[in-house]
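User: Hi! I'm new to reading protein models, and I'd like to go through one with you. Could you show it to me?

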Amino acid sequence: MKLDGRDFEILNILQENGRLSFRQISEITGLSVPTVSSRINDMEQAGIIRGYKADLAPENLGEFSAVAEIVVRPSEADLVSEELSKNPAVRQIFRLSNGKILILCTFTGLSSMNSFSFFISSLSQIISCEMGTVTDTMKEECRAIVHQDSALLFEGKKTVQ
């Protein structure tokens with residue numbers, strides 16, 4: 001799929017506020033409602049738009065987050081990632097180029113964090129795990145940086161999910 005400037009405009013609008021209707025996006029962009037609908041559908045089908053979510057603040061729900069850096073044998077990384085993904089406290093998993101796994105977890109209390117620590121220690125493939133709780137969020141943005149140059153990077157490449 002080849003993206004153009006209008007597609008990037010739509011992506012920026014959606015990333016800022018995913019609740020806008022096709023009509024509202026149409027008014028902002030000057031495109032017709034069917035054109036907006038078609039472009040968004042095409043980007044969903046191509047896997048560029050993965051979904052629409054509410055941005056919730058865990059701290060305002062009485063929850064807290066932690067980040068863990070996990071060292072595993074390279075041959076065990078897929079298995080460990082699969083096991084981690086089954087745990088509801090694990091919110092994001094990143095495989096790093098240095099062979100480590102970085103995870104973001106959210107806990108409802110100390111007991112859920114303790115349970116998670118026991119879960120981690122039960123995975124024999126993990127060589128080490130260093131975890132720290134998040135005390136303050138200094139910046140949190142969507143991971144995608146939407147701009148015209150993205151088209152050059154996207155062309156001919158499959159998206160990673």
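This is a predicted model: local features need pLDDT of at least 70, side-chain atom pairs count only at pLDDT 80 or more; totals for chains, interfaces and linings use all residues.

User: Thanks! Which strands does E1 pair with?
Analyst: Strand E1 covers residues 64–72 and pairs with strand E3, residues 101–107, in the antiparallel sense over seven bridges. E1 also pairs with strand E4, residues 126–133, again antiparallel and over seven bridges. Strands here are DSSP runs of E with at least two residues, helices are runs of H or I with at least four, and both are numbered from the N terminus. Two strands pair if DSSP finds at least two bridges between them.

User: And which residues stand opposite each other there?
Analyst: On the E3 side, Ala-66 stands opposite Cys-105, and Ser-65 stands opposite Thr-106. On the E4 side, Glu-69 faces Glu-130.

User: What about E2, how many bridges does it share with E3?
Analyst: E2 and E3 pair in the antiparallel sense over five bridges. Gln-92 has Leu-104 in E3 as its bridge partner, and Arg-95 stands opposite Ile-101 in E3. The hairpin of E2 and E3 has five residues between the strands, and in that hairpin Gly-99 takes a positive phi near 90°.

User: So is E3 largely enclosed or largely open?
Analyst: E3 is largely enclosed by the rest of the structure, because five of its seven residues are buried. Buried means under 20% relative accessible area, exposed means over 50%, and partly exposed lies in between (1.4 Å probe, protein chains only).

User: New topic! How many salt bridges does the structure hold?
Analyst: The structure holds six salt bridges. A salt bridge is a side-chain nitrogen of Lys or Arg within 4 Å of a carboxyl oxygen of Asp or Glu. In one of them, the side chains of Asp-7 and Arg-39 meet at 3.0 Å, N to O. Asp-7 lies in helix H1 and Arg-39 in helix H3, so this pair ties together parts that are 32 residues apart in sequence.

User: Is Asp-7 buried or exposed?
Analyst: Asp-7 counts as buried, at 3% relative accessibility. Asp-7 is also linked with Asp-4 and Arg-39 in a network of salt bridges.

User: Which residue does Arg-95 meet in a salt bridge?
Analyst: That would be Asp-78, with 2.6 Å from N to O. Arg-95 lies in strand E2 (residues 90–95) and Asp-78 in helix H4 (residues 77–85), so the pair ties together parts that are 17 residues apart in sequence. Asp-78 is exposed, with a relative accessible area of 52%.

User: And Lys-86, what is its partner?
Analyst: Lys-86 forms a salt bridge with Glu-83, and their closest N and O atoms are 3.2 Å apart. Lys-86 counts as exposed at 55% relative accessibility, whereas Glu-83 counts as partly exposed at 24%.

User: Last one: which residues form the negative surface patch?
Analyst: Glu-16, Asp-55, Glu-59, Asp-136, Glu-140 and Glu-141 form it. Patches are made of residues with over 30% relative accessible area and no salt bridge, with like charges joined within 9 Å and nonpolar side chains (Val, Leu, Ile, Met, Phe, Trp, Tyr) within 5 Å. Glu-16 has its place in helix H1, residues 5–16, and is exposed, with a relative accessible area of 70%.

Technical notes: Residues are numbered from 1 along each chain as its sequence is written. Side-chain values use heavy atoms; hydrogens and water are left out. Accessible areas come from the Shrake-Rupley method with a 1.4 Å probe; for residues, only the protein chains shown count as cover. Lys and Arg count as positive and Asp and Glu as negative; His and the chain ends are not counted. The place of a charge is taken as NZ of Lys, CZ of Arg, CG of Asp or CD of Glu.
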